[in-house]
Amino acid sequence: MFRCIIITTTYTPLAPLSVPLLLSDFWTDTGIQQGIGLVSYPFMWVNNPQSLLINGRGIAPFCESGEDEDRCLPNCGNDPLKQLTIIKVERGKTYRLRFINGALLMPLNVAIAGHNMTIVEIEGTVTEPFVTTNFTIGPGQRTSVLIEANQPTSGSYWLEATTSIRGVPDLIGKAIIQYVDAVDAAVPEDRPDHPPLDESESLGWIENLKASDPEWDPSSYRALLTPEDEIKRVILVPHQVKLFDKETGKEKGMAWAVNNVTFEIPLSEPLLGSSIKATVDNGWPTAIPDTVELPDSPLSTWNYTEEQWPGSPAAGVKGTSVIRADKDQVFEL
């Protein structure tokens with residue numbers, strides 16, 4: 001049975017001039033069920049989510065089409081005017097939409113039918129205004145855009161968030177931009193345009209973004225003035241590693257890793273405490289008990305045609321991975 005995917009019931013007669021919009025993904029399996037599969041052997045992938053939500057509201061594709069009534073509860077229905085987030089706007093005003101991608105799995109491409117968007121802020125950094133018809137936002141990222149309510153007031157318009165790198169074209173999060181002068185609420189007709197899946201050119205707008213800070217002084221950022229040969233560079237590659245039985249040499253499992261090291265939370269005492277004790281006893285720098293120093297780069301060359309990291313002397317190492325730093329040292333990660 002499919003669970004009803006309405007999570008919040010927040011509805012405002014007229015949207016404030018600043019509107020937070022949380023993008024998220026939804027599975028019918030619980031987080032506990034997914035977690036068991038991710039750490040099991042053989043590995044069980046969680047697959048793609050069943051739906052995308054905007055401010056906690058959405059309609060799963062199979063419920064919207066009515067093709068799978070067994071998984072859609074009667075009280076969920078498929079009426080967008082009842083199930084989706086509606087943002088009411090007033091013609092002639094400018095609104096700031098603050099997008100947060102809270103999805104676990106995938107970047108999302110955002111577009112609004114009939115409206116351009118002006119990007120003005122990313123991750124708390126004010127940018128020079130950049131006008132676009134769509135933008136892509138990764139998990140955990142935040143982007144603010146301005147939209148002008150300049151369309152005919154008799155209509156309503158789709159706001160969509162859809163997958164940008166995974167081949168799930170039917171997976172679309174939807175909300176409705178509704179003009180307050182409209183006599184009756186209506187389901188929008190025309191969808192906005194999104195770039196093709198896996199289209200690298202769809203990210204070209206990123207190169208045009210510039211920070212906007214009239215008081216910015218590069219001399220106050222010592223990292224920008226550090227000579228190239230004094231910067232410590234660390235290349236971090238997340239991947240999977242195969243685990244092998246030490247006695248038989250047979251493959252026994254899989255783990256997630258960064259640069260061939262699978263992170264483990266310290267069990268004996270906090271890392272800060274053990275490092276201070278080791279420093280008092282031995283001086284600095286010194287080895288920190290029960291830790292693994294993370295390599296500055298992957299120990300093996302990645303084979304992009306393989307699904308897993310090839311075997312190497314460090315494959316399958318587990319421990320509390322650390323990156324060492326000296327006082328005032330400049331890093332590039």
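Phenylalanine 99 is buried, and phenylalanine 135 is buried too (buried means under 20% relative accessible area, exposed over 50%, partly exposed in between, with a 1.4 Å probe and protein chains only). This is a predicted model: local features need pLDDT of at least 70, side-chain atom pairs count only at pLDDT 80 or more, and totals for chains, interfaces and linings use all residues. Residues are numbered from 1 along each chain as its sequence is written, and side-chain values use heavy atoms, with hydrogens and water left out.

**Aromatic pairs**

- The count comes to two aromatic pairs (rings of Phe, Tyr and Trp, the last by its six-membered ring, pair if their centres lie within 6.5 Å; planes under 30 degrees apart are stacked, over 60 edge-to-face, the rest tilted).
- Phenylalanine 99 and phenylalanine 135 pair edge-to-face, 5.5 Å centre to centre, with 70° between the planes.
- Phenylalanine 99 is in strand E4 (residues 94-101) and phenylalanine 135 in strand E8 (residues 134-137), so this pair ties together parts 36 residues apart in sequence (strands, E, at least two residues, and helices, H or I, at least four, are DSSP runs numbered from the N terminus).
- Tyrosine 157 and tyrosine 179 also form an edge-to-face pair, at 5.8 Å between centres and 70° between planes.
- This pair links distant parts of the chain, 22 residues apart: tyrosine 157 sits in strand E10 (residues 156-163) and tyrosine 179 in strand E11 (residues 172-179).
- Tyrosine 157 is buried, at 13% relative accessible area. Tyrosine 179 is buried as well, at 1%.

**A charge over a ring**

- Lysine 174 lies over the face of tryptophan 158, 4.8 Å from the ring centre (the rule: NZ of Lys or CZ of Arg within 6 Å of the ring centre and within 35 degrees of the ring normal).

**Salt bridges**

- Side chains of opposite charge can pair when their charged atoms come close.
- There are nine salt bridges (a side-chain nitrogen of Lys or Arg within 4 Å of a carboxyl oxygen of Asp or Glu).
- One of them joins lysine 93 and glutamate 90, at 3.2 Å, N to O. Lysine 93 is partly exposed at 36%, and glutamate 90 is partly exposed at 29%.
- Glutamate 332 and arginine 233 form a salt bridge at 2.8 Å, N to O.
- Glutamate 332 lies in strand E18 (residues 331-332) and arginine 233 in strand E12 (residues 232-233), so the pair ties together parts 99 residues apart in sequence.
- Glu228, Arg233 and Glu332 are linked in a network of salt bridges.
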